[in-house]
Amino acid sequence: MTSVYFVRHAQPDFSWNDTKTRPLTDEGKADTEYVVKYLMDADISAVYSSPFRRTIDTVKGLADMLRLDIVTIDALHERTIGKRTESDFLDYARHQWDDHTYKAQGGESLSEVRERNINVLEPLISRHENENIVIATHGTSLSTILNYYDSSYGYDDFMGIINLMPYIVRVDFESGKYLGRTDIFSCKKVYNG
């Protein structure tokens, strides 16, 4: 069996405008210790991450403790939002979950985010057959992956994790076939993105 531990990043500093370099808050930095606590004995063989600073910083302590490099993969980055017409982000998110092909000018649809992530994930699952790996990710990216394997996962589930930072979920596969998912840990925060 192959287990992928998806780690949604810890609490970021939403006042930081550049989403790629957005750091964790002091509280978010402290909460990365939970990632170490819950995964240090999980027999992790590799750590992958979105190239965004907040995801890398969330798993850095774990990777350092396990003496593993963090391999960043550009295609694991968070959804590109673009110039949306909705003034409220949650209205925009609802619109996207209602229509997975909907996107703002210069942005990505949920279908595109899902395809981009699955195109990375499936080769990693094959490469690490019968191993446990970590993938540091984002809320929307993770939600589209979970939706791919379980079509009942939708907007309400996405909203259910929007305040969870960090959030760790294990997804199990046997010979590349999805077996199920198990919540490992979550830390509830106030989303104000």
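So, what do the buried residues of α4 pack against? Before I get there, a quick word on the model. It's a predicted one, where local features need pLDDT of at least 70, side-chain atom pairs count only at pLDDT 80 or more, and totals for chains, interfaces and linings use all residues. Residues are numbered from 1 along each chain as its sequence is written, and side-chain values use heavy atoms, with hydrogens and water left out.

Okay, α4. The buried residues of this helix pack against β1, β2, α3, β4, α5 and β5, with contact meaning heavy atoms within 4.5 Å. Helices here are DSSP runs of H or I, at least four residues, and strands are runs of E, at least two, numbered from the N terminus. Among the buried residues of α4 are L110, V113, I118 and L124, and R114, R116 and N117 are on that list too. Buried means under 20% relative accessible area, exposed over 50%, partly exposed in between, with a 1.4 Å probe and protein chains only.

Now the aromatics. Y148, Y149, F173 and Y178 form one cluster. Rings of Phe, Tyr and Trp (its six-membered ring) pair if their centres lie within 6.5 Å; planes under 30 degrees apart are stacked, over 60 edge-to-face, the rest tilted. There are 9 aromatic pairs in the structure. One of them, Y148 with Y149, is edge-to-face at 4.9 Å centre to centre and 90° between the planes. Y148 is partly exposed at 42%, while Y149 is buried at 17%.

The M165 to P166 peptide bond is cis, omega near -5°, and P166 sits in strand β5. In the loop between β5 and β6 there's S175, a non-glycine residue with positive phi, near 50°.
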